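Here is a brief report on one predicted model. Please keep the sequence and the structure in view while reading.

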Amino acid sequence: MERRSLPRRLLSRPELGAVIGAVALFVFFALVADSFLRAGSVSTVLYASSTIGIMAVPVALLMIGGEFDLSTGVMVTTSALVSSMFSYQMTANVWVGAGVSLLVTLAIGFFNGVMLVRTGLPSFIITLGTFLMLTGLNLGLTKMISGTVSTKTIADMEGFPSARAVFASELTLGNVGLQITVLWWLGLVALATWILLRTRVGNWIFAVGGGAESARAVGVPVARTKVGLYMGVALAAWISGQHLLFNYDVVQSGEGVGNELIYIAAAVIGGCLLTGGYGSAVGAAVGAFIFGMANKGIVFAQWNPDWFKFFLGAMLLLATLLNAWIRKRAEASR
(Lines give C-alpha, C1' and ligand atoms only; values in the text may rest on other atoms or scores of the structure.)
Protein backbone atom coordinates (compact mmCIF):
# COMPACT_ATOMS: atom_id res chain seq x y z
CA MET A 1 0.00 0.00 0.00
CA GLU A 2 1.33 3.42 -0.95
CA ARG A 3 2.48 5.48 2.03
CA ARG A 4 1.18 9.04 1.91
CA SER A 5 3.50 11.95 2.59
CA LEU A 6 3.15 14.05 5.75
CA PRO A 7 1.62 17.06 3.91
CA ARG A 8 -1.03 14.83 2.37
CA ARG A 9 -1.83 13.26 5.72
CA LEU A 10 -2.16 16.71 7.28
CA LEU A 11 -4.43 17.91 4.48
CA SER A 12 -6.73 14.96 5.11
CA ARG A 13 -7.29 15.95 8.74
CA PRO A 14 -10.61 17.79 9.25
CA GLU A 15 -9.23 19.90 12.10
CA LEU A 16 -6.33 21.39 10.08
CA GLY A 17 -8.19 24.60 9.21
CA ALA A 18 -9.22 25.11 12.83
CA VAL A 19 -5.65 24.61 14.06
CA ILE A 20 -4.36 27.18 11.56
CA GLY A 21 -7.08 29.61 12.65
CA ALA A 22 -6.36 29.02 16.35
CA VAL A 23 -2.64 29.67 15.91
CA ALA A 24 -3.32 32.85 13.94
CA LEU A 25 -5.82 34.10 16.53
CA PHE A 26 -3.46 33.30 19.40
CA VAL A 27 -0.61 35.22 17.79
CA PHE A 28 -2.93 38.11 16.96
CA PHE A 29 -4.20 38.58 20.53
CA ALA A 30 -0.71 38.01 21.96
CA LEU A 31 0.42 41.01 19.90
CA VAL A 32 -2.54 43.37 20.45
CA ALA A 33 -3.34 42.56 24.11
CA ASP A 34 -0.48 42.90 26.60
CA SER A 35 -2.26 40.84 29.26
CA PHE A 36 -3.26 37.96 26.99
CA LEU A 37 -0.27 35.75 27.84
CA ARG A 38 -0.44 36.21 31.61
CA ALA A 39 -1.14 33.12 33.71
CA GLY A 40 -4.49 34.45 34.89
CA SER A 41 -5.53 35.26 31.34
CA VAL A 42 -4.61 31.79 30.10
CA SER A 43 -6.72 30.31 32.89
CA THR A 44 -9.67 32.50 31.93
CA VAL A 45 -9.40 31.57 28.25
CA LEU A 46 -9.19 27.85 29.02
CA TYR A 47 -12.21 28.05 31.30
CA ALA A 48 -14.29 29.86 28.68
CA SER A 49 -13.19 27.31 26.08
CA SER A 50 -14.00 24.34 28.31
CA THR A 51 -17.57 25.42 29.03
CA ILE A 52 -18.17 25.46 25.27
CA GLY A 53 -15.98 22.46 24.49
CA ILE A 54 -17.74 20.05 26.86
CA MET A 55 -20.82 20.41 24.68
CA ALA A 56 -19.12 21.00 21.33
CA VAL A 57 -17.43 17.57 21.37
CA PRO A 58 -20.59 15.41 21.54
CA VAL A 59 -22.37 17.86 19.24
CA ALA A 60 -19.56 17.25 16.73
CA LEU A 61 -20.07 13.47 16.97
CA LEU A 62 -23.78 14.00 16.39
CA MET A 63 -23.05 16.15 13.33
CA ILE A 64 -20.63 13.54 11.99
CA GLY A 65 -23.57 11.17 12.34
CA GLY A 66 -25.59 13.51 10.14
CA GLU A 67 -27.89 15.13 12.73
CA PHE A 68 -28.38 18.34 14.75
CA ASP A 69 -29.60 19.15 18.23
CA LEU A 70 -31.05 22.60 18.83
CA SER A 71 -32.06 21.79 22.41
CA THR A 72 -28.55 21.54 23.85
CA GLY A 73 -28.37 25.04 25.34
CA VAL A 74 -31.62 24.82 27.31
CA MET A 75 -30.97 21.14 28.13
CA VAL A 76 -27.94 22.23 30.14
CA THR A 77 -30.17 24.58 32.13
CA THR A 78 -32.84 21.88 32.54
CA SER A 79 -30.20 19.56 34.00
CA ALA A 80 -29.15 22.17 36.55
CA LEU A 81 -32.73 23.10 37.46
CA VAL A 82 -33.82 19.50 38.04
CA SER A 83 -30.80 18.80 40.24
CA SER A 84 -31.29 21.95 42.29
CA MET A 85 -35.06 21.86 42.73
CA PHE A 86 -35.23 18.14 43.52
CA SER A 87 -32.52 18.47 46.17
CA TYR A 88 -34.17 21.55 47.71
CA GLN A 89 -37.78 20.35 47.65
CA MET A 90 -36.96 16.86 48.93
CA THR A 91 -34.28 18.13 51.35
CA ALA A 92 -32.12 15.37 49.95
CA ASN A 93 -28.38 15.01 49.57
CA VAL A 94 -27.44 17.01 46.47
CA TRP A 95 -25.99 13.86 44.92
CA VAL A 96 -29.50 12.41 44.88
CA GLY A 97 -30.67 15.46 42.95
CA ALA A 98 -27.72 15.09 40.58
CA GLY A 99 -28.64 11.43 40.01
CA VAL A 100 -32.27 12.29 39.25
CA SER A 101 -31.07 15.03 36.93
CA LEU A 102 -28.87 12.53 35.08
CA LEU A 103 -31.84 10.23 34.48
CA VAL A 104 -34.06 13.11 33.32
CA THR A 105 -31.40 14.53 31.01
CA LEU A 106 -30.63 11.14 29.45
CA ALA A 107 -34.38 10.64 28.97
CA ILE A 108 -34.52 13.90 26.99
CA GLY A 109 -31.68 12.70 24.76
CA PHE A 110 -33.42 9.32 24.37
CA PHE A 111 -36.66 11.12 23.45
CA ASN A 112 -34.90 13.16 20.75
CA GLY A 113 -33.27 10.08 19.27
CA VAL A 114 -36.35 7.87 19.32
CA MET A 115 -38.56 10.62 17.86
CA LEU A 116 -36.02 11.06 15.06
CA VAL A 117 -35.80 7.39 14.07
CA ARG A 118 -39.50 6.61 14.58
CA THR A 119 -41.02 9.61 12.79
CA GLY A 120 -38.44 10.21 10.07
CA LEU A 121 -38.77 13.96 10.62
CA PRO A 122 -35.65 16.13 10.24
CA SER A 123 -33.61 16.52 13.40
CA PHE A 124 -33.99 20.28 13.01
CA ILE A 125 -37.76 20.00 13.57
CA ILE A 126 -37.55 17.40 16.34
CA THR A 127 -35.00 19.28 18.41
CA LEU A 128 -36.55 22.68 17.73
CA GLY A 129 -39.71 21.31 19.30
CA THR A 130 -37.71 20.01 22.27
CA PHE A 131 -35.97 23.38 22.57
CA LEU A 132 -39.29 25.22 22.78
CA MET A 133 -40.80 22.73 25.23
CA LEU A 134 -37.78 22.83 27.53
CA THR A 135 -37.65 26.63 27.40
CA GLY A 136 -41.26 26.78 28.57
CA LEU A 137 -40.83 24.06 31.18
CA ASN A 138 -37.69 25.65 32.61
CA LEU A 139 -39.46 28.95 33.20
CA GLY A 140 -42.93 27.64 34.07
CA LEU A 141 -41.92 24.94 36.54
CA THR A 142 -39.28 27.11 38.22
CA LYS A 143 -41.82 29.90 38.85
CA MET A 144 -44.44 27.39 40.00
CA ILE A 145 -42.11 25.62 42.44
CA SER A 146 -39.80 28.42 43.58
CA GLY A 147 -42.06 31.42 43.07
CA THR A 148 -39.31 33.21 41.13
CA VAL A 149 -37.35 32.71 37.91
CA SER A 150 -34.35 31.28 39.79
CA THR A 151 -33.78 28.34 42.13
CA LYS A 152 -33.19 28.56 45.86
CA THR A 153 -29.69 28.22 47.26
CA ILE A 154 -28.53 24.68 48.09
CA ALA A 155 -25.04 25.66 49.30
CA ASP A 156 -25.81 24.56 52.87
CA MET A 157 -27.19 21.15 51.91
CA GLU A 158 -25.53 17.81 52.49
CA GLY A 159 -23.16 16.71 49.73
CA PHE A 160 -22.68 20.19 48.25
CA PRO A 161 -18.93 20.47 49.04
CA SER A 162 -18.10 17.11 47.44
CA ALA A 163 -20.28 17.84 44.40
CA ARG A 164 -18.66 21.23 44.01
CA ALA A 165 -15.24 19.55 44.13
CA VAL A 166 -16.22 17.23 41.27
CA PHE A 167 -17.97 19.74 39.03
CA ALA A 168 -16.75 23.24 39.93
CA SER A 169 -13.43 23.14 41.79
CA GLU A 170 -10.21 24.86 40.77
CA LEU A 171 -6.86 23.12 40.41
CA THR A 172 -3.41 24.71 40.34
CA LEU A 173 -0.90 23.69 37.69
CA GLY A 174 2.29 25.67 38.13
CA ASN A 175 1.26 29.31 38.16
CA VAL A 176 -1.99 28.65 36.32
CA GLY A 177 -5.27 27.99 38.11
CA LEU A 178 -7.45 25.63 36.11
CA GLN A 179 -11.15 25.02 36.56
CA ILE A 180 -11.96 21.31 36.70
CA THR A 181 -14.14 21.81 33.60
CA VAL A 182 -10.88 21.87 31.61
CA LEU A 183 -10.21 18.29 32.74
CA TRP A 184 -13.79 17.24 31.91
CA TRP A 185 -13.33 18.82 28.49
CA LEU A 186 -10.01 17.12 27.74
CA GLY A 187 -11.36 13.81 29.03
CA LEU A 188 -14.36 14.01 26.70
CA VAL A 189 -12.09 14.88 23.76
CA ALA A 190 -9.91 11.83 24.46
CA LEU A 191 -12.94 9.55 24.88
CA ALA A 192 -14.67 10.82 21.74
CA THR A 193 -11.47 10.54 19.68
CA TRP A 194 -10.96 6.96 20.87
CA ILE A 195 -14.56 6.09 19.97
CA LEU A 196 -14.30 7.64 16.51
CA LEU A 197 -10.91 6.23 15.52
CA ARG A 198 -10.50 3.01 17.50
CA THR A 199 -13.92 1.40 17.88
CA ARG A 200 -16.61 -0.16 15.72
CA VAL A 201 -19.06 2.45 17.01
CA GLY A 202 -16.86 5.14 15.44
CA ASN A 203 -17.17 3.41 12.07
CA TRP A 204 -20.93 3.31 12.53
CA ILE A 205 -21.04 7.07 13.27
CA PHE A 206 -19.14 7.94 10.09
CA ALA A 207 -21.24 5.45 8.11
CA VAL A 208 -24.65 6.78 9.17
CA GLY A 209 -23.46 10.34 8.55
CA GLY A 210 -22.28 9.42 5.08
CA GLY A 211 -25.58 7.77 4.17
CA ALA A 212 -28.07 6.08 6.47
CA GLU A 213 -29.53 3.75 3.84
CA SER A 214 -26.12 2.59 2.63
CA ALA A 215 -25.03 2.05 6.23
CA ARG A 216 -28.16 0.05 7.00
CA ALA A 217 -27.55 -2.09 3.92
CA VAL A 218 -24.18 -3.24 5.27
CA GLY A 219 -25.52 -4.05 8.73
CA VAL A 220 -24.92 -0.84 10.67
CA PRO A 221 -27.51 -0.36 13.46
CA VAL A 222 -28.54 3.10 12.30
CA ALA A 223 -31.34 3.66 14.82
CA ARG A 224 -29.27 2.59 17.84
CA THR A 225 -26.33 4.69 16.69
CA LYS A 226 -28.39 7.85 16.36
CA VAL A 227 -30.19 7.34 19.66
CA GLY A 228 -26.81 6.75 21.32
CA LEU A 229 -25.42 9.96 19.85
CA TYR A 230 -28.33 11.97 21.24
CA MET A 231 -27.86 10.39 24.66
CA GLY A 232 -24.16 11.25 24.47
CA VAL A 233 -25.11 14.89 23.94
CA ALA A 234 -27.48 14.62 26.91
CA LEU A 235 -24.71 13.21 29.13
CA ALA A 236 -22.48 16.19 28.30
CA ALA A 237 -25.43 18.53 28.98
CA TRP A 238 -25.76 16.95 32.43
CA ILE A 239 -22.06 17.53 33.17
CA SER A 240 -22.35 21.16 32.02
CA GLY A 241 -25.54 21.63 34.01
CA GLN A 242 -24.00 20.34 37.23
CA HIS A 243 -21.07 22.72 36.75
CA LEU A 244 -23.50 25.58 36.24
CA LEU A 245 -25.32 24.71 39.46
CA PHE A 246 -22.38 23.97 41.74
CA ASN A 247 -20.30 26.87 40.47
CA TYR A 248 -22.98 29.53 41.03
CA ASP A 249 -25.19 27.78 43.62
CA VAL A 250 -28.41 29.08 42.01
CA VAL A 251 -29.68 28.76 38.45
CA GLN A 252 -31.63 31.26 36.35
CA SER A 253 -34.38 29.46 34.43
CA GLY A 254 -33.88 31.53 31.27
CA GLU A 255 -30.21 30.67 30.79
CA GLY A 256 -28.85 28.65 27.89
CA VAL A 257 -30.99 30.02 25.07
CA GLY A 258 -28.74 30.61 22.05
CA ASN A 259 -25.83 28.50 23.31
CA GLU A 260 -26.83 25.66 20.99
CA LEU A 261 -25.72 27.76 18.03
CA ILE A 262 -22.33 28.34 19.66
CA TYR A 263 -21.81 24.60 20.13
CA ILE A 264 -22.72 23.91 16.50
CA ALA A 265 -20.52 26.78 15.28
CA ALA A 266 -17.56 25.44 17.28
CA ALA A 267 -18.02 22.02 15.64
CA VAL A 268 -18.28 23.59 12.18
CA ILE A 269 -15.18 25.74 12.75
CA GLY A 270 -13.46 22.52 13.84
CA GLY A 271 -14.11 20.92 10.46
CA CYS A 272 -17.48 19.15 10.78
CA LEU A 273 -19.63 19.22 7.68
CA LEU A 274 -23.31 20.16 7.90
CA THR A 275 -24.02 17.21 5.62
CA GLY A 276 -22.47 14.69 8.03
CA GLY A 277 -19.88 11.94 7.64
CA TYR A 278 -16.84 14.17 8.22
CA GLY A 279 -15.21 15.81 11.24
CA SER A 280 -13.34 15.09 14.46
CA ALA A 281 -13.59 15.58 18.21
CA VAL A 282 -10.20 17.32 18.26
CA GLY A 283 -11.44 19.80 15.67
CA ALA A 284 -14.48 20.63 17.81
CA ALA A 285 -12.17 21.17 20.79
CA VAL A 286 -10.02 23.55 18.74
CA GLY A 287 -13.18 25.33 17.60
CA ALA A 288 -14.19 25.79 21.23
CA PHE A 289 -10.70 27.11 22.01
CA ILE A 290 -11.07 29.65 19.20
CA PHE A 291 -14.35 30.83 20.75
CA GLY A 292 -12.72 31.08 24.17
CA MET A 293 -9.80 33.10 22.82
CA ALA A 294 -12.08 35.44 20.89
CA ASN A 295 -14.45 35.92 23.82
CA LYS A 296 -11.76 36.84 26.33
CA GLY A 297 -9.21 38.26 23.89
CA ILE A 298 -11.57 41.08 22.99
CA VAL A 299 -11.82 41.95 26.69
CA PHE A 300 -8.04 41.79 27.21
CA ALA A 301 -7.53 44.01 24.15
CA GLN A 302 -10.00 46.50 25.72
CA TRP A 303 -12.27 46.54 22.67
CA ASN A 304 -15.97 47.18 22.78
CA PRO A 305 -17.56 43.78 23.60
CA ASP A 306 -20.61 44.76 21.54
CA TRP A 307 -18.62 43.61 18.49
CA PHE A 308 -18.09 40.11 19.86
CA LYS A 309 -20.94 38.43 17.93
CA PHE A 310 -19.87 40.12 14.69
CA PHE A 311 -16.35 38.86 15.25
CA LEU A 312 -17.60 35.32 15.87
CA GLY A 313 -19.77 35.37 12.76
CA ALA A 314 -16.85 36.50 10.63
CA MET A 315 -14.68 33.76 12.15
CA LEU A 316 -17.31 31.14 11.40
CA LEU A 317 -17.49 32.14 7.74
CA LEU A 318 -13.72 32.36 7.33
CA ALA A 319 -13.11 29.04 9.06
CA THR A 320 -15.77 27.31 6.97
CA LEU A 321 -14.27 28.65 3.76
CA LEU A 322 -10.78 27.61 4.88
CA ASN A 323 -11.99 24.12 5.81
CA ALA A 324 -13.71 23.75 2.43
CA TRP A 325 -10.55 24.84 0.59
CA ILE A 326 -8.37 22.43 2.57
CA ARG A 327 -10.79 19.58 1.92
CA LYS A 328 -10.79 20.24 -1.83
CA ARG A 329 -6.99 20.32 -1.84
CA ALA A 330 -6.92 17.04 0.07
CA GLU A 331 -9.30 15.36 -2.40
CA ALA A 332 -7.31 16.69 -5.35
CA SER A 333 -4.06 15.31 -3.96
CA ARG A 334 -5.34 11.75 -3.61
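Residues are numbered from 1 along each chain as its sequence is written, and side-chain values use heavy atoms, with hydrogens and water left out.

**The largest pocket**

The largest pocket holds about 600 Å³ of space. Its lining has 24 residues, and A48, T51, I52, N259 and Y263 are the closest to its centre. Two or more lining residues come from each of helix 3 (39-64), helix 4 (72-89), helix 11 (222-248), helix 12 (259-269), helix 13 (281-300) and helix 14. Helix 3 gives the most, with six residues.

Some terms apply here. A pocket is an open set of points on a 1 Å grid over the protein atoms alone, where a 1.4 Å probe fits, with protein on both sides within 12 Å along at least five of seven lines; lining residues have an atom within 4 Å of a point. Grid points are joined across faces, edges and corners, and the volume is the space filled by probe spheres set on them. Helices are DSSP runs (H or I, at least four residues), numbered from the N terminus.

Helix 12 is mostly covered, with eight of its 11 residues buried. Buried means under 20% relative accessible area, exposed means over 50%, and partly exposed lies in between (1.4 Å probe, protein chains only). The buried residues of helix 12 include E260, Y263 and I269. Just after helix 12, G271 takes a positive phi of about 110°.

H243 sits in helix 11. H243 is buried, at 6% relative accessible area. Beyond its neighbours within four places in sequence, H243 is in contact (heavy atoms within 4.5 Å) with Y47, T51, F167, A168, Q179 and T181.

**Salt bridges**

How many salt bridges does the count come to? The count is two. A salt bridge needs a side-chain nitrogen of Lys or Arg within 4 Å of a carboxyl oxygen of Asp or Glu.

| Pair | Closest N to O distance |
|---|---|
| K226 and E67 | 2.4 Å |

E213 and R216 are three residues apart in helix 10 (residues 212-217), about one helical turn. E213 is exposed at 59% relative accessibility, while R216 is partly exposed at 43%.

**Loops with positive phi**

D249 is not a glycine, yet its phi is positive, about 80°. D249 lies in the loop between helix 11 and helix 12 and is buried at 15% relative accessibility. Q302 is also a residue other than glycine, with a positive phi near 60°. Q302 is in the loop between helix 13 and helix 14 and is exposed at 73%.

**Helix 14**

F308 belongs to helix 14 (residues 308-332). F308 is buried, at 15% relative accessible area. Its contacts beyond four places in sequence are A294, N295 and I298. F308 and I298 are 10 residues apart in sequence and 7.3 Å apart in space, C-alpha to C-alpha.

Terms used
Predicted model: local features only at pLDDT ≥ 70, side-chain atom pairs only at ≥ 80, totals over all residues.
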